[in-house]
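Thanks for coming, everyone. Please bring up the model on your screens, and we will go through its helix packing and its rings.

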Amino acid sequence: MFTEKIFDNLGVDMITSNDSEESMEKFTGSIGSGKYQSVITDLGKALLQAARTGNTPKVLDLMGRGAPFTADWVGHSSLSTEHSPNATLITYQLGTTPLHLASRFNHIETCRALLRAGISKDSKTKVDRTPLHMAAYHGNIEIVELLLSNKCEVDAKDLLKMTPLHWAVEKRHDKVVEMLLQHGADPNALSKFDKSPILLAKATKQMELVRILKLANELRAASNEQVGVRIQNQQCASVMNINVIFQMIFR
């Protein structure tokens with residue numbers, strides 16, 4: 001899709017590095033050796049790498065040693081091979097947090113640890129992506145559920161004004177779409193290109209998803225909290241919570 005290509009150019013996958021534990025240990029072991037400008041900066045870099053690889057014990061250790069949560073200080077080049085010939089160049093977006101990386105690479109326990117530590121659940125990268133954008137884009141359903149249960153912003157918009165629901169539809173992650181709708185995601189939100197999740201589903205010929213998204217839109221229009229609807233030609237006996245209705249639809 002056109003929007004996906006643009007988004008990729010803006011940095012969907014901005015990280016390239018050696019994933020091995022040995023590489024990470026060499027990197028984190030060099031902290032405090034005087035090779036880098038600041039111990040805090042080194043701790044922050046190590047925290048990002050530990051979150052990326054899902055090394056939760058290392059994440060907890062680094063946070064306990066004062067590693068910062070955000071990567072605003074990183075810029076584009078966070079580790080130079082000039083100073084560490086055994087390490088691979090790692091590149092991050094400005095604003096990237098450990099939660100972005102753990103959400104992107106589907107490390108649920110690391111996400112839980114970071115959220116318990118108080119990391120911002122709605123922080124944004126330089127292209128305005130939140131951790132929920134990351135999880136929804138890659139279909140990481142458990143992390144989507146975790147973030148939503150922690151009351152993250154369900155309709156946050158990135159630089160293309162795409163919500164997590166837009167990306168879940170675009171990438172055909174039906175279960176993620178269902179979960180986002182159950183938590184109140186707007187199926188009629190417009191992107192920078194005036195495309196709603198409903199229009200994206202139509203464009204990609206996901207007709208069952210179109211039906212579900214339209215129904216969700218009708219339910220939202222009827223009421224923000226409680227509605228009475230007809231499901232499978234049977235009138236609901238009473239007004240029910242919208243989340244209960246969605247659970248019946250998706251069962």
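Contact here means heavy atoms within 4.5 Å. Helices are DSSP runs of H or I, at least four residues, numbered from the N terminus. This is a predicted model: local features need pLDDT of at least 70, side-chain atom pairs count only at pLDDT 80 or more, and totals for chains, interfaces and linings use all residues. Residues are numbered from 1 along each chain as its sequence is written, and side-chain values use heavy atoms, with hydrogens and water left out.

Start with helix 4 and helix 6. On the helix 4 side, Thr56, Val59, Leu60 and Met63 make the contact. They meet Glu109, Thr110, Ala113 and Leu114 of helix 6. That contact has five nonpolar residues, two polar and one charged. Nonpolar covers Ala, Val, Leu, Ile, Met, Phe, Trp, Tyr, Cys and Pro; charged covers Asp, Glu, Lys and Arg; the others, Gly among them, are polar.

Now the geometry. Helix 4 spans residues 56-64 and helix 6 spans residues 108-116. Their axes lie 9 Å apart, at an angle of about 20°. So helix 4 is roughly parallel to helix 6. Axes are lines fitted to C-alpha atoms, for helices over the stretch in contact, and angles run from 0 to 180 degrees between N-to-C directions. Under 35 degrees counts as roughly parallel, over 145 as roughly antiparallel, 65 to 115 as roughly perpendicular, and the rest as oblique.

Next, what angle do helix 6 and helix 8 pack at? About 15°, with axes 10 Å apart; helix 8 is residues 141-149. Therefore helix 6 is roughly parallel to helix 8. Helix 6 brings Ile108, Cys111, Arg112 and Leu115 to the contact, and helix 8 brings Glu142, Ile143, Leu146 and Leu147. Six of these residues are nonpolar, none polar and two charged.

On to helix 10, residues 174-182, and helix 12, residues 207-222. Their axes come within 11 Å and cross at roughly 5°. So helix 10 is roughly parallel to helix 12. Asp174, Val177 and Leu181 of helix 10 touch Leu209, Ile212, Leu213 and Ala216 of helix 12.

Last, the rings. A charge sits over a ring if NZ of Lys or CZ of Arg is within 6 Å of the ring centre and within 35 degrees of the ring normal. Arginine 104 lies over the face of phenylalanine 105, 4.3 Å from the ring centre. Arginine 129 has its charged end over the ring of tyrosine 137, 5.1 Å from the centre.

How values were computed: Helices (H or I, at least four residues) and strands (E, at least two) are DSSP runs, numbered from the N terminus.
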